[in-house]
Amino acid sequence: MIGPEAISVLKRYVPQGLSQGIQSTLQRFGMWDQPLLTERGVINDLYYWVADGHLDTLLPLQNYFSVFFPDLKTETRGTLFLYSCHGQKIGEIPFTLGANALYRLRVSDALQRLGAKVPEGYGTLLCDLHIPEEVLRFLNPKEPFYFWDRFYIGYLSPENQPCFVHGVDKTYILHSGRRELVPFYPTGKGYTWLPEIPVNIELYRRLWVILINRTRTSRRLTLTVSDRQDACRSWSHQIPPFGVHRFELDRTHTRGLDPEEMRLKVEGIPSRWGRPILFKQFPSGAISAMHC
Amino acid sequence: MNEQTKKVTLLNLISTPVPVLNSLGLETSVGLSSEDPVGGRHPSETYQGYLTIYSPEGTFVDRLLLGEIPPHRRRLFRVSRLLQNYFPQRDHLVVVHRIPQRFLSAGRLPEDTVELSPVEGDYGMFRTLVQYSFPGGANGSVIYETPSGLNTRRPGRPPSNTLTFTSKILLSKTVNSYLALLYYSVDPAFDLTARYQFHLFAEEGQRVASGLREFRPFTVQLIDSKETIPIDPVDRLACFSFVGYSSDGILIPLILNLDTDKGREAVAVEHTHPAQSYTYPFRPQDKQKLKVRAVQQWKALFPTEAPVPA
């Protein structure tokens with residue numbers, strides 16, 4: 001495998017066209033596990049959305065360029081890409097965003113605008129904010145520079161009670177001036193995550209353990225729930241490329257286990273930081289979500 | 001000291017500062033694990049949990065033993081129950097520490113230091129689950145840890161700085177958003193006051209509120225969006241964005257979205273990414289330069305002389 005020092009040398013000294021050729025050759029032989037960031041652009045993550053007639057998803061997208069460059073003109077454009085839980089594209093919605101502004105959209109409204117029917121009621125989305133022209137001019141044209149958009153996504157109960165999670169990983173690169181979505185991770189691996197949360201399943205009407213495949217490789221993921229006596233239950237699911245799966249837990253799924261201070265383990269995660277989202281639904285109708 | 005090893009106070013090996021938000025009527029619990037969340041760096045072993053308590057003014061008050069976390073286990077500790085006799089009406093900071101039992105078995109105290117190699121001392125991503133709820137209500141939780149070397153004095157260099165931004169500020173008749181800002185240091189003698197300036201923007205980008213706060217070390221303060229933003233909340237959720245900054249130190253923000261509707265009292269809580277994690281420059285040191293430049297530009301746009309009372 002090519003080490004980080006070699007990548008750094010390649011970025012610094014090899015002309016862009018040639019280095020991209022070297023990269024694609026090395027990728028073909030499985031010797032390159034990260035993209036060549038030799039231009040300027042934005043690294044985006046894939047997010048979970050739900051709009052099932054009960055829960056909804058709220059995007060309050062902040063113009064983060066205005067935060068880094070309050071002295072520059074940071075009006076910009078963006079595109080929201082919606083995908084099904086199987087990773088298939090549903091549609092895209094372009095938008096504009098003023099300086100210090102928020103682009104606010106409910107996913108249920110976006111699906112309506114696209115005339116899309118999604119029977120599963122959930123999937124993934126990606127949002128690309130273009131680097132404003134004045135910011136591009138400010139950045140040194142001789143040096144690569146990327147932003148990593150790690151925006152916050154909100155979920156709403158039917159009564160508009162909100163909760164949020166943030167982006168945790170990388171999925172696509174969008175180079176400035178181009179529309180091609182370049183996958184950040186060429187191939188999926190099989191990582192393990194051991195969430196710290198002690199789960200008391202009796203508190204929840206339902207607990208979803210949500211996992212996104214951020215790679216081009218279909219992957220089988222396994223969720224194991226163990227109790228304080230080390231009794232356990234496991235479930236597995238094959239997640240297609242850029243798809244998402246929700247492992248659903250409630251008292252019936254964990255019957256026979258001690259319900260307090262249970263622990264979770266997820267195996268087969270395709271990307272290093274693609275750890276699960278826990279989505280809690282309470283008997284009162286309240287919701288909350290967190291990244292592990 | 002061996003060149004490869006580093007002295008670490010056991011209390012700073014794995015820790016998380018936690019705001020206790022009594023003024024909001026919230027109960028606080030913390031969840032601790034005895035496993036490496038990423039897997040593989042440290043075999044699971046027994047840990048001891050400790051809780052350091054600071055007063056609302058930032059004075060050290062007490063240190064309690066939370067309890068043991070056996071190997072391959074999770075434990076939930078109800079911090080509010082332990083703190084019943086400490087500042088029941090006021091917000092204050094506590095710090096949760098986790099120490100491997102093997103370090104303490106050698107007769108050491110939590111306050112002692114150990115000398116560890118980079119591999120032995122790599123407890124990055126060992127985080128604490130911080131959970132809030134109204135009594136008997138639904139809980140919201142978030143997971144984070146103390147950033148390495150947080151707010152330590154660096155002779156000859158300027159202090160650390162903060163650039164915060166978030167879009168999680170929502171208001172309606174029943175929903176309010178609070179920013180809990182934590183000012184903590186891994187150095188118990190740290191004494192630098194931090195000035196933190198902030199602005200709130202409406203959806204279209206116009207500034208609707210600004211403020212300035214002063215923080216003493218080891219304290220927490222809340223910014224109440226409903227009190228700060230001059231609008232009459234309606235049924236529909238109103239969205240705002242937040243930008244805050246300080247050249248004096250690092251403040252850790254937690255954002256709480258509370259729904260106080262009767263029968264549905266709910267809490268959601270999230271932290272924010274540090275600004276530097278949004279950039280991927282060619283030279284890693286440019287992350288910091290860009291952040292410092294941004295703070296300077298905000299200060300130039302909104303100069304202020306006198307602090308606004310908290």
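**Where chain A meets chain B**

Hi everyone, let's start with one pair: Glu196(A) forms a salt bridge with Arg127(B), and their closest N and O atoms are 3.2 Å apart. By salt bridge I mean a side-chain nitrogen of Lys or Arg within 4 Å of a carboxyl oxygen of Asp or Glu. This is a predicted model, where local features need pLDDT of at least 70, side-chain atom pairs count only at pLDDT 80 or more, and totals for chains, interfaces and linings use all residues. Residues are numbered from 1 along each chain as its sequence is written, chains are lettered from A in the order in which they are written, and side-chain values use heavy atoms, leaving out hydrogens and water.

Across the whole interface of chains A and B, the rule finds six salt bridges. How many residues are in contact? With contact meaning heavy atoms within 4.5 Å, 69 residues of chain A meet 70 of chain B.

About 6,100 Å² is buried between the two chains, 59% of it from carbon and sulfur atoms. That is the accessible area (1.4 Å probe) that two parts lose on being put together, summed over both. Our friend Glu196(A) returns here: with Phe68(A) and Arg104(A), Glu196(A) supplies 14% of the area chain A buries against chain B, more than any other three residues.

Now the strands, which are DSSP runs of E, at least two residues, numbered from the N terminus; two strands pair if DSSP finds at least two bridges between them. Strand β8 (145-149) of chain A pairs antiparallel with β19 (279-281) of chain B over three bridges, and Phe147(A) has Thr279(B) as its bridge partner.

Technical notes: Helix = DSSP H or I, 4+ residues; strand = E, 2+ residues; numbered from the N terminus.
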